[in-house]
Amino acid sequence: MAAVAGKTYPAVQIEIDPDRVAEFARAIGADPDEGVPPTYAAVYSLGVTVPKLFGDDEAAIDFAHLLHAEQEFEWTRHPRAGETVTSTGRVASDVSRRGMRFVGFESETADASGAPVCRSRALFIIRS
Amino acid sequence: MTERKVTFTREQIAAYAEAGGDHNPIHLDDDFARSVGLPGVIAHGLLQMGILGTVAAEAAGGPGHLKRLLVRFAGMVLPGDTVTFTATPDGEGRLELSAVNQKGEAVLTKASADYET
C-alpha cells in the first residue's frame, strides 16, 4: 500500500440543490423550512471530494475493509440553498500500524467569492 | 437536555442513500450486506450523525448556530433499532452529545458540538 499523506485532489464544484436539500432534511427528520441542514456538508463537502480519494489508484483504498471511523464538520458559515460552492479534498495523514491503516481526509469548502464555508475531517480505518 | 428517539426503518435508510448520495449496497441490499459479514443492511453512519445534528441544532437555538460537530462511529444500527439521541449543555457554547440504542450500547461516541451563543 502507498502512503499518500499530503496529496491534494482537484477541486469540485457543486450547487446546493434546493430539492435535494429538502429531501435530505426529510431523511434526517429536520424541518425543510429551516434551510440547509448543517450535516448536508456530508454532500457538498465530504460527498463530492471523497470519490477522488476512493478512485485514486495510488491511494489504493481497500473498500472491502474500509471503515468510516470518525467525522467532524466545522462551519465558518452555513451555505444557502441555490448557492454554488467548491470543495477540495486532501489526505491529511496516512499511517499504518498493527495491521491497520489510518487515513485522515480533510475537505475545505469555499463559496463563490472564495470565502471559507466548511471544513470536513474524516478518519478512515482500513483493516488488512 | 434535548432528546430525540428514532426507530430506524429501511425506508429511511433508502431515503438517506438517495439524498445523501451514498448508494453502498451494505445500506440497501440484505443479501449483499450478509455476503460481507453483516447481519443485514445497516444505517449510514452519516444518517446517525445527521439525526444527532438536528438534536444539537435544537439545543443550540437553531441550525444556523452550529459551529462544529464531531462523532466517532462506534456501533452498527439496523432497521428496527431504536436510538436515543441527546444533547446536554457542557459549558459556554459547548454540547456533549450521545446516541444509545435500545440495548444501552453507544452507537456514536466522543460526540460533541460547539455553537454560537
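The model is predicted. An open sheet of ten strands includes strands from chain A and from chain B. The contact between the chains takes 26 residues from chain A and 28 residues from chain B.

**The sheet**

- The strand order is β1(A)-β3(A)-β4(A)-β5(A)-β2(A)-β2(B)-β5(B)-β4(B)-β3(B)-β1(B), and the pairing is antiparallel.
- From one strand to the next, the twist averages 20 degrees.
- In a regular strand, side chains alternate between the two faces of the sheet.

**Strand pairs within chain B**

- Six bridges connect β1(B) with β3(B), residues 82–89, in the antiparallel sense. In this part of the sheet, B:Thr2 stands opposite B:Ala87 of β3(B).
- β2(B) and β5(B) run antiparallel and are joined by six bridges. B:Arg72 has B:Thr109 of β5(B) opposite to it.
- The antiparallel pair β4(B) and β5(B) also has six bridges, and B:Ala99 has B:Leu108 in β5(B) as its bridge partner.
- A hairpin is formed by β4(B) and β5(B), with four residues between the two strands. In the turn, B:Gly104 has a positive phi of about 85 degrees.

**Where the sheet passes from chain A to chain B**

- β2(A) and β2(B) run antiparallel and are joined by five bridges. A:Phe73 stands opposite B:Leu69 of β2(B).
- On the side of chain B that touches chain A, the elements giving two or more residues are α1, α3 and β2 of chain B.
- The element that gives the most to this side of chain B is α3(B), with nine residues.
- By residue type, the side of chain B that touches chain A has 16 nonpolar, eight polar and four charged residues.

**Helices lying across the strands**

- Helix α2 of chain A (residues 41–54) lies across β1, β2, β3, β4 and β5 of chain A, and runs at about 55 degrees to β3(A).
- Helix α3 of chain B (residues 45–60) lies across β1, β2, β3, β4 and β5 of chain B together with β2 of chain A. The angle between α3(B) and β2(B) is about 140 degrees.

**The two α1 helices**

- Helix α1 of chain A (residues 18–28) packs with helix α1 of chain B (residues 10–20) at an angle of about 150 degrees, and their axes are 9 Å apart. Angles over 145 degrees count as roughly antiparallel, so α1(A) is roughly antiparallel to α1(B).
- The crossing of α1(A) past α1(B) is left-handed.
- From α1(A), the contact is made by A:Arg20, A:Glu23, A:Phe24, A:Arg26 and A:Ala27. From α1(B), the contact is made by B:Gln12, B:Ala15, B:Tyr16, B:Glu18, B:Ala19 and B:Gly20.
- Five of these contact residues are nonpolar, two are polar and four are charged.
- The buried residues of α1(B) are B:Ile13, B:Tyr16, B:Ala17, B:Ala19 and B:Gly20. Their cover includes α3 of chain B and, from chain A, α1 and α2.
- B:Gly21 follows α1(B) and has a positive phi, near 80 degrees.

**Two residues in their surroundings**

- B:Leu66 lies in strand β2 of chain B. A residue counts as buried if 20 or more other C-beta atoms lie within 10 Å of its own; B:Leu66 is therefore buried, with 25 such atoms.
- Apart from neighbours within four places in sequence, B:Leu66 is in contact with A:Pro38 and A:Trp75 of chain A, and with B:Ala56, B:Ala57, B:Ala60, B:Ala113 and B:Tyr115 of chain B.
- B:Leu66 and B:Ala33 are 33 residues apart along the chain, and their C-alpha atoms are separated by 34 Å.
- A:Glu83 is in the loop between β2 and β3 of chain A. A:Glu83 counts as partly exposed because 14 C-beta neighbours are inside 10 Å.
- Residues up to four places away in sequence aside, A:Glu83 touches A:Ile16 and A:Asp111.
- A:Glu83 and A:Pro18 are 65 residues apart along the chain, while their C-alpha atoms are separated by 9.3 Å.

Key. Residues numbered from 1 in each chain as written. Chains lettered and ligands numbered in written order. Predicted model: local features only at pLDDT ≥ 70, side-chain atom pairs only at ≥ 80, totals over all residues. Axes fitted to C-alpha atoms, helices over the stretch in contact; angles between N-to-C directions. Parallel < 35°, antiparallel > 145°, perpendicular 65-115°, else oblique. Left-handed = near helix turned anticlockwise from the far one by under 90°. Contact = placed C-beta atoms within 7 Å. Nonpolar A, V, L, I, M, F, W, Y, C, P; charged D, E, K, R; others polar. Pairing = 2+ DSSP bridges. Buried ≥ 20, exposed ≤ 12 C-beta atoms within 10 Å, placed from the backbone.
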